[in-house]
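Please read it alongside the sequence and the structure shown here.

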Amino acid sequence: MPQTDEITLHVSTPAGPFHGAFPKTTKVSAVIAAIVEAKGLDAGEDLRLMNGDEQLAPERPLVSFHFGSEVTLSLLATGSGV
Amino acid sequence: MATASELILESQIEALRQNAGLHAWKFEQLDPASFTLGIPAKDGSWFTTLAKCDGFAARPPAWHWYNLETKAIDAPRDTPLGGNFFHSAGVICAPWNRLAYKGVDARGPHDNWTIGNWMTIPETGGTRTIAAMATRISQVLLTAFTKRMG
C-alpha cells in the first residue's frame, strides 16, 4: 500500500515495464535516474519521461503534475525522424 | 536449441508485450519474429503496425502498417502521415526501420545509411530496442500525426 506522500509509477521503458513508488517531492530527473539504474539502461542516453504526449520537465517534482496515487507513463528514448 | 539471437529477440518482444499491457495497446505475436501492435493516435483512431524482426539485431525490424480486417500491408488508408517521421513515402523514416533503407524498400528515403550500422547512426539515438521503437511510434502518433495517407 503506497504512503499518501508517495506516488506509484508504472513506466514503459526501452527494457520493459518499471514499477515503483516515489515520494511526491521527487524530481522527474531523479525518477529517470532511478529507472535507468533499475532497468540497466544507458545513463548517457537522452531519455524523456512522458505522460501521453506531454513531456514531464526534468526539474519539476512529481507533485506538481497533480497525478493521483498511481500513474502510467512512458520513458522515451529520443532519436530523430529524418 | 535457441540461438543467442533468438533469445535476444524473444526477450525484446516480451518487453514490448509487457509495455503494451501497461498502455492497453493491442499486441499479438504472429510467430517468433513477427507481431502486430495497435496504437492509438491523437485523433482517437488506431493504427496497427506489422513488425518483422527476422535478422534482429544485425538489422532492424521492418515496421509495416497493417489492417487487421483486410490483412492489407502498407495500404494508404492504414498509413499515418506527419512530419519527417511519418514520411510522405509511407514509411517510418528512422534508421531503426528496415523499410527506410532504399536498398531494402524502394520507398525508403535513405540510400546514405548502411543497414548494418543502424545502431550507431546518429539519428537512431537511444531507440535500439523493439520496446523503445514502439514507444517512439506511439509518441509520434500522439503528437506529429496529421492525417491518413489515403
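Predicted model: local features only at pLDDT ≥ 70, side-chain atom pairs only at ≥ 80, totals over all residues.

The expected span of a helix is taken as 1.5 Å times one less than its number of residues. Helix α2 of chain B has 14 residues and should therefore span 20 Å, in agreement with the 20 Å that separates its end C-alpha atoms.

Helix α2(B) is mostly covered, since 12 of its 14 residues are buried; a residue counts as buried if 20 or more other C-beta atoms lie within 10 Å of its own. Among the buried residues of α2(B) are B:Ile130, B:Ala131 and B:Ala134, and these three residues of α2(B) are met by B:Gln12, B:Ile13, B:Ala15, B:Leu16 and B:Asn19 of α1(B). By class, this contact between α1(B) and α2(B) has 6 nonpolar and 2 polar residues, and no charged ones. Two packed helices are described by the angle between their axes and the distance between the axes. For α1(B) and α2(B) the angle is about 40° and the axes are 8 Å apart.

Both helices of chain B also meet strands of chain A. Helix α1 of chain B, residues 4-23, lies across β1 (6-13), β2 and β5 of chain A, and runs at about 50° to β2(A). Helix α2 of chain B, residues 130-143, packs on the sheet, where it touches β1, β2, β3 and β5 of chain A, and its direction makes about 105° with that of β5(A).

**The two chains**

Chain A has 1 helix and 5 strands, which follow one another from the N terminus as β-β-α-β-β-β. The radius of gyration of chain A, 12 Å, is close to the 12 Å given by the globule rule for 82 residues, so chain A is as compact as a globular protein of that length. Chain B has 2 helices and 6 strands, in the order α-β-β-β-β-β-α-β from the N terminus. For the 150 residues of chain B, a compact globule would have a radius of gyration near 15 Å, and the 14 Å of chain B agrees with this.

| Item | Value |
|---|---|
| Chain A, box filled by C-alpha atoms | roughly 45 × 25 × 20 Å |
| Chain B, span of C-alpha trace | about 45 × 35 × 25 Å |
| Chain A, buried residues | 30% of 82 residues |
| Chain B, buried residues | 43% of 150 residues |

Among the contacts of chain A between residues at least 6 apart in sequence, 61% join residues at least 24 apart. In chain B, residues 24 or more positions apart account for 42% of the contacts with a separation of 6 or more.

**The sheet of chain A**

The 5 strands of chain A form an open sheet of mixed pairing, in the order β2-β1-β5-β3-β4. Strands β2 (16-23) and β4 (54-55) of chain A stand at the edges with a single partner strand each, so one side of each is left without a neighbour in the sheet. Within the sheet, β3 (residues 47-51) and β5 (residues 70-77) of chain A pair in the antiparallel sense over 4 bridges, and A:Met50 stands opposite A:Ser74 in β5(A).

A:Thr78 lies in the segment after β5 of chain A and is partly exposed, with 16 other C-beta atoms within 10 Å. Beyond its neighbours within four places in sequence, A:Thr78 is in contact with A:Asp46 and A:Arg48, and also with B:Gly125 and B:Gly126 of the other chain. The C-alpha atoms of A:Thr78 and A:His66 are separated by 25 Å, although these residues are 12 residues apart along the chain.

**The contact between the chains**

Across the two chains, 22 residues of chain A are in contact with 24 residues of chain B. On the side of chain A that touches chain B, strands β1, β2, β3 and β5 of chain A each supply at least two residues, and the largest share, 4 residues, comes from β5(A). The residues on this side of chain A divide into 8 nonpolar, 10 polar and 4 charged.

How values were computed:
Residues numbered from 1 in each chain as written. Chains lettered and ligands numbered in written order. Rg over C-alpha atoms; globule rule 2.2 N^0.38 Å. Contact = placed C-beta atoms within 7 Å. Pairing = 2+ DSSP bridges. Axes fitted to C-alpha atoms, helices over the stretch in contact; angles between N-to-C directions. Nonpolar A, V, L, I, M, F, W, Y, C, P; charged D, E, K, R; others polar.
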